[in-house]
Amino acid sequence: MPSTTHEQFIRRVKEIQIAGSIESLLDWDQETYMPPKGAETRAAQLALIAGIAHDKLIGGDFGRLLEQVERETDGDPVLATNVREVRRVFDRKIKLPTALVEEIARTTTLAKGAWAQARAESNFARFAPHLEKLLDLKRQVAERIGYTTEPYDALLDEFEPGARVADVQRVFEEVKRELVPLVQALQTAPRQPDASILARACPVAQQTAFGLRVAEAMGFDFAAGRLDTTTHPFCCGFSPHDVRITTRYNEHYLPMSLFGIMHEAGHALYEQGLDPAHAWTPRGTAVSLGIHESQSRTWENLVGRGRPFWQHWFPKLQAEFPTLRDVKLDDWHFAINTVRPSLIRVEADEVTYNLHIMLRLDLERRLLTGQLKVSDVPAAWNEGLRALLGVLPPNDAQGCLQDIHWSLGIFGYFPTYALGNLYAAQFFEAAREAMPDLAATIARGELRPLREWLRAKIHCHGQRYRATDLVQEVTGRPLSPGPFIAYLNGKYRPLYGL
Ligand code: ZN
């Protein structure tokens, strides 16, 4: 019997996503176990797979197949989700001429090297011409993709489908109005944490063992995933049945590995919680980077930096690490919640973090419209950081050259980090309403009920809802700055004796 159009369509979609998962597996191996001399071989393998994935999507008759299925979804909601999201990706690809895509690839290869060198020398001028060129190419991309109000939307849509920067900015502005004075108040607050206890020696082998126990308690399935070590921690899922996470270690800074593991395991629970029946199709794929980040931040911050979590885990931590045996639970909890305005985004605490993102969003938007000249980036960066956090980078390496994103041609990505924090707080508020004893449950060391709630409300839906609709569906209202602000005020003011 000949297969139906729908079956052909789904088979093709799966092939495209499976090819993508092979790329991820090759990337994972490159970051973890590949020997140094394997780089050239790996580049050839990746190029072949990327080519196959590209051809399967926009080559041959796939466009016709997609059109045909669009006419015949017959009210099937799963098919409707798959068709909607495949159309979005397909249009983004088909609208970009090969010459432009190749030009971007060539430019980013050079820009990445120039950025690394510029950062090493703390010399923005070396990177500036590359940034100029990349912005020009990205403007072309935005024009080709199309947008209603401003070019930034076309770029943001790649990472946060359906989001509009004006809406995001409005929420961010409200958060900023609250955060800037909060950060200032905490700096001069009567109580201050003793962060030096975080620097006590904790052997790496025990850090791994402890991190594994926490991840397991969270519900990470080690029969469907594993933990390894890399320079930069990440999570990648090839299917709900194979999800890899990584972390990094510092013997004199335990929070690096532990919160790294909780963060990545939060991402991993999302991947493991997707519906395996819809694997390799949009209906079985995570919604957006912002929603993904909300899952990691939930576990890292809302759970992992919360006092209930440590009521259960701190005695276990002390049993594992003798150097912490004289530390009181409250002092530990305060130390891991140290708030300090800093220069570097990736080292920022959960209060100041979003301000780093808002600076980047503001600059990216103005760069894209041409309001801000590339040569003025260092000055704009420094002035922006001073206004938001009261600190001034001593050089561009610790200022506008710190992130790799722009050198890779990635614009519109940064807001998803902050959106993740906001979504996380709003989801967590809904979880507490649904489970009034959630804090007590966590304090008993029972983390699975929260995972089950997240799985039922968020993970299992895949891309059934766009991020904005998912938030509405789960919390009963659109994304709002309220829960995040209430969370920070409710936690940090009492902690700092305000
Ligand atoms: Zn993350």
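The exercises below, each with a worked solution, concern a predicted model.

**Exercise 1. The two domains**

Determine how the protein is divided into domains and how far apart the C-alpha centres of domain 1 and domain 2 lie.

Solution. Begin with the domain assignment, which gives domain 1 as residues 4-146 and domain 2 as residues 165-495. Next, take the C-alpha centres of domain 1 and domain 2, which are 26 Å apart.

**Exercise 2. The area between the domains**

Describe the contact between domain 1 and domain 2 by residues and by buried area.

Solution. Count the residues: 36 of domain 1 are in contact with 39 of domain 2. Then turn to area, since the size of an interface is often given as the accessible area lost when the parts come together. Between domain 1 and domain 2, about 3,400 Å² is buried, and carbon and sulfur atoms give 68% of this area. Finally, identify the residues of domain 1 that lose the most area to domain 2: Trp28, Trp115 and Phe124, which together make up 19% of what that side buries.

**Exercise 3. Polar links and the side of domain 1**

State which polar links join domain 1 and domain 2, and which elements of domain 1 supply the side that touches domain 2.

**Exercise 4. Salt bridges**

Find how many salt bridges the structure holds and examine the pairs Glu85–Arg466 and Asp29–Arg42.

Solution. The structure holds 33 salt bridges. In one of them, Asp29 pairs with Arg42, with the closest N and O atoms 2.8 Å apart. Asp29 lies in helix H1 and Arg42 in helix H2 (residues 39-58), so this pair ties together parts that are 13 residues apart in sequence. The side chains of Glu85 and Arg466 also form a salt bridge, at 2.8 Å from N to O.

**Exercise 5. The zinc site**

Identify the donors of the zinc ion and their spacing along the chain.

Solution. The zinc ion is coordinated by His263 (NE2), His267 (NE2) and Glu293 (OE), at 2.1 to 2.2 Å. Along the chain, these donors follow the spacing H-x3-H-x25-E. Because His263 lies in helix H10 (residues 254-273) and Glu293 in helix H11 (residues 289-303), the pair ties together parts that are 30 residues apart in sequence.

Key
Residues are numbered from 1 along each chain as its sequence is written. This is a predicted model: local features need pLDDT of at least 70, side-chain atom pairs count only at pLDDT 80 or more; totals for chains, interfaces and linings use all residues. Side-chain values use heavy atoms; hydrogens and water are left out. Domain bounds come from an automatic or database domain assignment. Contact means heavy atoms within 4.5 Å. Buried area is the accessible area (1.4 Å probe) that two parts lose on being put together, summed over both. A salt bridge is a side-chain nitrogen of Lys or Arg within 4 Å of a carboxyl oxygen of Asp or Glu. A polar contact is a pair of N or O atoms within 3.5 Å; within protein, one must be able to donate a hydrogen and the other to accept it, and residues adjacent in sequence count only if both atoms are side-chain atoms. Helices (H or I, at least four residues) and strands (E, at least two) are DSSP runs, numbered from the N terminus. Donors are N, O and S atoms within 2.8 Å of the metal (3.2 Å for Na, K and Ca); water is not among the atoms, so sites may look incomplete.
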